[in-house]
Structure formats: C-alpha cells, structure tokens
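Here are some notes for a colleague who is opening this structure for the first time. Please keep the sequence and the 3D view at hand while going through the points.

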There are 2 protein chains.
Amino acid sequence: MTKGSNALGRHVLVEYFDCDSESLNDINYIRDAMLTAAEKSGATVVNDVFHLFNPHGVSGVVVIAESHLAIHTWPEYNFAAVDLFTCGTEVDPWIAFEFLKEKFKAGNHVTMEMKRGVLAPNGRNIAYKPVSSVKKDKKMRLPSV
Amino acid sequence: MTKGSNALGRHVLVEYFDCDSESLNDINYIRDAMLTAAEKSGATVVNDVFHLFNPHGVSGVVVIAESHLAIHTWPEYNFAAVDLFTCGTEVDPWIAFEFLKEKFKAGNHVTMEMKRGVLAPNGRNIAYKPVSSVKKDKKMRLPSV
C-alpha cells in the first residue's frame, strides 16, 4: 500500500515529447535505460521483454516485484509513452521518470499520476477513485490548431 | 493512429473488484486469459511474461504489436488492476475488457480510457491531451467511509 493513501498502487502515465530520435529506436539503449530506471527507483526487477519493430519503434516492459514499467516509442515523432506502475512505500516512480527524461533527452513531457486499487478503511470493500494529478511542463507546446 | 482521433493509442485502465479469488492466484489461468483476450481483441501477440508471487498474487504482461496488456492481481482483496494499451484501428481493447471481466467473474469494475500520444493536425507537434472517460458500473459499491 502506498504511503499516506489507501491505494494498493500508484501509476504514473508519462508522455515524453521532443526526444532524441536515435535513442528511441535503439532497443539495447532503451532496455538498459528501463532496467536502470527500475533499479534507481528502488524496484526489484523480476523479468523483462523488449521488441524492436520494423521499420522502427520499440516496445518493452519490465515486470518488477512492485508491478511494472512499460515503454512504447515512436522515433518518427520523437515520442515515447511510458507507464510507471509501482506498489508499496519503498519504490518511487518519479525517480524513474526523471532518469528516463534525461536518457531520452525529452524536450517536453506531461505526466499524470493515478491511484490504483483504492481500499476502503475496513480493507474489505475496494473502490476505485480515479484521483489524478496532471503536471504540465512549463515549456509544453500545444498543437498549432 | 486510432479511428476518429489524432492519438497514437488508447489506454483503458481497468479495476476489477469482487473477482474469483482462486482464479486471481492461478498463473496459468491468468496467462491463458490474457493471451486469449489479446487475440480476441484483434491484437498480434509478440511476447509475454508472467510471475507468481509468494505468498500470492500474479503479475503479467503481454507485449502486442499494438502496445501491451498488463495485469496485477491481489487475490486477498479479490482485486485485479488491468491495463489495455492498444494502437491502431484494428484492435478493440473493450473486447479484451469484456472477456477478462467474465474470466475473473468480476462483480464490479471501473474503467477509464485515456488517449496516448495526441498528435497535432500537422503531425509534427505532439501534445498530450489527458482526455478521459470514466465508466462506473451501476452496481459499483463505494467505500463505507
């Protein structure tokens, strides 16, 4: 259960924009970054799978004892979608977020943290409370619609 | 890109409550359910990893050509957190949702669909638009706070 909360887990959804395109198509670089991000955040790595698509793009997931970290990249758009789903009080998904932001040289990002598995005080009845907080980078570019 | 949208993907976050506890601790049952859910939704399975925790609980991810499906179970709370992240117009994550709801005999559920990787019309500047829709089951129990 997460600290100061009755949720089983916390899930940070991340959109990284304006990333280094070459990094986003390098499966070894991405796998290493994701595994290191897991370790730095305090997670225990259980297993991982990564896949390089043709003509480009990488998908990968690191299963951790505390849930999972996932990534999907679109090098052609300098974009990566990342999920940092962690449980317990020992793991900090935001450390993974900061580390990956640097690794992919993300010029912009938007994040949203969701609570997953919200428990009622009696611990029996579980109710989902879609509590979220959105952080927008100050330099965030909006589409020129 | 998803139909009628400028998003690269759609991500359905699912909380299944009041599930069959035994199913939620059966790694083979869960893996089979997740792989079948992927196929039924029209996805192409690339790889998968599943892990049974001690004393209980299963985590698993199916990497699909169109992103991923993930599950984490808490049999002790009859609860499972599921993520159905799909790209393209050929895959319907809601088919996976309905299938898994039946497989785990979920008495209640809450879902939220997020758009991931929202593109501007010019296809260059990507902006995240945290558009979401929450579906609450009519029978949804709220915590007895």
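1. Before anything else, please bear in mind that this is a predicted model.

2. By class, the residues that line the largest pocket comprise ten nonpolar, eight polar and two charged ones. The volume of this largest pocket is about 340 Å³, and of the 20 residues in its lining, those closest to the centre are Ala65(A), Glu66(A), Cys87(A), Phe53(B) and Trp74(B).

3. Which strands of chain B each supply at least two residues to the lining of the largest pocket? They are strand E3, running over 58–64, and strand E4, running over 67–74. The element that gives the most to this lining is E4(B), which provides three residues.

4. The second largest pocket has a volume of about 290 Å³, and 19 residues line this pocket, with His56(A), Thr73(A), Trp74(A), Ala65(B) and Cys87(B) lying nearest its centre. Sorted by class, the lining of the second largest pocket holds nine nonpolar, eight polar and two charged residues.

5. For the second largest pocket, strand E3 (58–64) and strand E4 (67–74) of chain A each supply at least two residues of the lining. Here E4(A) gives the most, with three residues.

6. The crossing in which H1(A) passes H2(A) is right-handed.

7. Which residues make the contact between these two helices of chain A? From H1(A) come Tyr29(A), Ala33(A), Met34(A), Thr36(A), Ala37(A) and Lys40(A), and these meet Ile95(A), Ala96(A), Phe99(A), Leu100(A) and Lys103(A) of H2(A). By class, the residues of this contact of H1(A) with H2(A) are eight nonpolar, one polar and two charged.

8. In chain B, the axes of H1(B) and of helix H2 (residues 93–103) come within 8 Å and cross at roughly 150°, so that H1(B) is roughly antiparallel to H2(B). H1(B) passes H2(B) in a right-handed crossing.

9. On the H1(B) side of the contact are Tyr29(B), Ala33(B), Met34(B), Thr36(B), Ala37(B) and Lys40(B), while on the H2(B) side are Ile95(B), Ala96(B), Phe99(B), Leu100(B) and Lys103(B). The residues of the contact of H1(B) with H2(B) divide into eight nonpolar, one polar and two charged.

10. Some details of the backbone also deserve a look. Is the peptide bond from Asn54(A) to Pro55(A) cis or trans? This bond is cis, with omega near 15°, and Pro55(A) is found in the loop between strand E2 (45–52) and E3 of chain A. In chain B, a cis peptide bond joins Asn54(B) and Pro55(B), with omega at about 10°, and Pro55(B) lies in the loop between strand E2 (45–52) and E3 of chain B.

11. Finally, please check Asp18(B), which is not a glycine and yet has a positive phi of about 50°. Where along chain B does Asp18(B) have its place? Asp18(B) sits in the loop between strand E1 (7–17) and helix H1 (27–40) of chain B.

Key. Residues are numbered from 1 along each chain as its sequence is written. Chains are lettered from A and ligands numbered from 1 in the order in which they are written. This is a predicted model: local features need pLDDT of at least 70, side-chain atom pairs count only at pLDDT 80 or more; totals for chains, interfaces and linings use all residues. Side-chain values use heavy atoms; hydrogens and water are left out. On a 1 Å grid over the protein atoms alone, a cavity is a set of points where a 1.4 Å probe fits but cannot get out, and a pocket is an open set with protein on both sides within 12 Å along at least five of seven lines; lining residues have an atom within 4 Å of a point. Grid points are joined across faces, edges and corners, and a volume is the space filled by probe spheres set on the points. Helices (H or I, at least four residues) and strands (E, at least two) are DSSP runs, numbered from the N terminus. Ala, Val, Leu, Ile, Met, Phe, Trp, Tyr, Cys and Pro count as nonpolar, Asp, Glu, Lys and Arg as charged, and the others, Gly among them, as polar. A crossing is left-handed if the near helix is turned anticlockwise from the far one by less than a right angle, and right-handed if clockwise. Contact means heavy atoms within 4.5 Å. Axes are lines fitted to C-alpha atoms, for helices over the stretch in contact, and angles run from 0 to 180 degrees between N-to-C directions. Angles under 35 degrees count as roughly parallel, over 145 as roughly antiparallel, 65 to 115 as roughly perpendicular and the rest as oblique.
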